[in-house]
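Please report on the ligand site, the salt bridges and the packing of this model.

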Amino acid sequence: MGGGDSQFEAHAGRGRFNAAFFHVMDGCINWYLRRHKEAVYADLPRTVVEIGSGVGANFRYVQPGTTVIAVEPNPYMHRSLRLAAERRGIALEIRDVVGERIDLPDSSADAVISSLALCTVSNPSQVVAEVHRVLRPGGRYSYLEHVAAREGTPTRGVQRMVRRPWAWVFEGCSCERDLEAVIRSAGFSSVENRRYRIHSPFVPFNTQIAGTAVR
Ligand SMILES: C[S@@+](CC[C@H](N)C(=O)[O-])C[C@H]1O[C@@H](n2cnc3c(N)ncnc32)[C@H](O)[C@@H]1O
């Protein structure tokens, strides 16, 4: 157990494995996602809230000197996250809570970001509702997530086939979520969402969305 919140159960073996996996694979994953991230994370303000920061994959997209408030309940990510922040000159505040219950006041954030996080949280609708709550009116939520492929496609079949082992290895991650619908139904005043496909060897992960929702 760990994570400071009963909604998140950290697993020692898989927690360490995932921290190491995302650390080792960081450059490779970023290579596939970089153009989409450059587009959605452009011009972030000097303080940013991030949901599920992992080991800091997105720190390369914020200016040095930025404060990142990292909502990251997995204690096995924290050491690498701190080191990544030091390397990039980022002022890091780790919030050891789940995205379903962010310990920030209403309307207090100019920007919230996430990548590959809504696939793993227990309740993505609740997390996005929390993102909406903490954003000030006019504030932005910029995201990149992997989502369910269209029904009837070979990728959708593979996503269904690997459901259980994938979720076991990647601590609850699902490749079968319609996260565009989740974001569109959260009450934002506008949502600019792009759906695209990458061509990585991790087939279930290749159908993705990236965009910005404005409160
Ligand atoms: C697949 S990793 C992605 C990490 C990073 N954002 C990236 O792009 O490499 C998912 C992250 O979400 C975190 N996470 C899991 N459940 C969460 C929750 N309920 N609230 C916030 N973060 C959560 C995990 O600990 C993990 O760091």
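How far does a backbone N or O atom of Gly54 lie from an oxygen atom of the ligand? The distance is 3.4 Å. That is a polar contact, meaning a pair of N or O atoms within 3.5 Å; within protein, one must be able to donate a hydrogen and the other to accept it, and residues adjacent in sequence count only if both atoms are side-chain atoms.

The model is predicted: local features need pLDDT of at least 70, side-chain atom pairs count only at pLDDT 80 or more, and totals for chains, interfaces and linings use all residues. Residues are numbered from 1 along each chain as its sequence is written, and side-chain values use heavy atoms, with hydrogens and water left out.

**Ligand site**

There are 18 residues around the ligand, each with a heavy atom within 4 Å of it. Gly52, Glu72, Gly99, Glu100 and Ser115 come nearest.

| Residue | Protein atom | Ligand atom | Distance |
|---|---|---|---|
| Gly52 | polar backbone atom | nitrogen | 2.7 Å |
| Gly54 | backbone N or O | oxygen | 3.4 Å |
| Ser115 | polar side-chain atom | oxygen | 2.6 Å |

Taken alone, the ligand exposes 590 Å², and the protein buries 94% of that. Accessible areas come from the Shrake-Rupley method with a 1.4 Å probe; for residues, only the protein chains shown count as cover.

**Salt bridges**

The whole structure holds eleven salt bridges. Each is a side-chain nitrogen of Lys or Arg within 4 Å of a carboxyl oxygen of Asp or Glu. In one of them, Asp26 pairs with Arg60, with the closest N and O atoms 2.7 Å apart. This pair links distant parts of the chain, 34 residues apart. Asp26 sits in helix H2 (residues 26-40), while Arg60 is in the loop between strand E1 (47-51) and strand E2 (67-71). Helices (H or I, at least four residues) and strands (E, at least two) are DSSP runs, numbered from the N terminus.

Arg60 is partly exposed because its relative accessibility is 25%. Buried means under 20% relative accessible area, exposed over 50%, and partly exposed in between (1.4 Å probe, protein chains only).

A network of salt bridges links Glu151, Arg156, Arg160, Arg163 and Glu176. Glu151 meets Arg156 at 3.2 Å, N to O, and Arg160 at 2.9 Å, N to O. Glu151 is exposed at 57% relative accessibility. Arg156 is buried at 7%. Arg160 is partly exposed at 38%.

**Around Arg88**

Arg88 lies in helix H3. At 37% relative accessibility, Arg88 is partly exposed. Leaving out residues up to four places away in sequence, Arg88 touches Phe59, Arg60 and Pro64; contact means heavy atoms within 4.5 Å.

**Packing**

The largest nonpolar core has 30 residues, of which Tyr41, Leu44, Phe59 and Leu144 touch the most other members. Elements giving two or more residues to this core are H2, E2, helix H3 (78-88) and strand E4 (109-115). Such a core is a set of buried Ala, Val, Leu, Ile, Met, Phe, Trp, Tyr and Cys residues joined through side-chain atoms within 4.5 Å. Another core, of 25 residues, lies apart from it, with Ile69, Val97, Ala109 and Tyr141 among them.

In helix H4 (residues 124-134), the buried residues include Val127, Val128 and Val131. The buried residues of H4 pack against E1, E4, strand E5 (135-146) and helix H7 (179-184).
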